[in-house]
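Visitor: I want to learn how to read a model like this one. Please take me through it feature by feature.

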Amino acid sequence: MTPERFAQALDCVHWTPSQVASLLGCSNELVEAWANGKERIPPEIGAWLEALAEVHEAVGVPKNFRGRELRPS
């Protein structure tokens, strides 16, 4: 996975690098290094993010809830 695809995948799943670090239990600095190309993205991380991104891209986000608010009962 390239740093560019890493960024696209994170955007697709609506995660920040710090959220990924928290999920993985690793440092923010490590995930930032993957994102900016200073460290190689491990194949298992790339495969994991690619699978998540593919599902999110295929399914999408429901759009019929935009602008909705709670209505008092």
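Visitor: Among contacts between residues at least 6 apart in sequence, what share joins residues at least 24 apart?

Guide: First the term: a contact means heavy atoms within 4.5 Å. In the protein chain that share is 64%. A caution on the source: this is a predicted model, where local features need pLDDT of at least 70 and side-chain atom pairs count only at pLDDT 80 or more, while totals for chains, interfaces and linings use all residues. Residues are numbered from 1 along each chain as its sequence is written, and side-chain values use heavy atoms, with hydrogens and water left out.

Visitor: How many helices and strands are there in the protein chain?

Guide: Helices (H or I, at least four residues) and strands (E, at least two) are DSSP runs, numbered from the N terminus. Here there are 4 helices and 0 strands. Along the sequence the pattern reads α-α-α-α. The radius of gyration is 15 Å, well over the 11 Å that the globule rule gives for 73 residues, so the protein chain is more spread out than a compact globule. That radius is taken over C-alpha atoms, and the rule is 2.2 Å times the number of residues to the power 0.38. The C-alpha trace spans about 50 × 25 × 15 Å along its principal axes.

Visitor: What percentage of the 73 residues is buried?

Guide: Buried means under 20% relative accessible area, exposed over 50%, and partly exposed in between (1.4 Å probe, protein chains only). Buried residues make up 23% of the protein chain.

Visitor: Which residues form the largest nonpolar core?

Guide: Such a core is a set of buried Ala, Val, Leu, Ile, Met, Phe, Trp, Tyr and Cys residues joined through side-chain atoms within 4.5 Å. The largest has 12 residues: Phe6, Ala9, Leu10, Cys12, Val20, Ala21, Val31, Trp34, Ile41, Ile45, Leu49 and Ala53. Helices H1 (3-13), H2 (17-24), H3 (28-35) and H4 (43-59) each give two or more residues to this core. H1 supplies the largest share, 4 residues.

Visitor: Take Cys12. Is Cys12 buried or exposed?

Guide: Cys12 is buried, with a relative accessible area of 16%. Its place is in helix H1. Leaving aside neighbours within four places in sequence, Cys12 is in contact with Ala53, His56 and Glu57. Ala53 touches Arg5, Ala9, Cys12 and Val13, not counting residues up to four places away in sequence.

Visitor: Now Leu23. Which residues does Leu23 contact, leaving aside neighbours within four places in sequence?

Guide: They are Trp15 and Trp48. Leu23 lies in helix H2. At 54% relative accessibility, Leu23 counts as exposed. Leu23 and Ile45 are 22 residues apart in sequence and 12 Å apart in space, C-alpha to C-alpha.

Visitor: Where is His14 placed?

Guide: His14 is in the loop between H1 and H2. His14 has a positive phi of about 65 degrees, although it is not a glycine. His14 is also exposed, with a relative accessible area of 54%.
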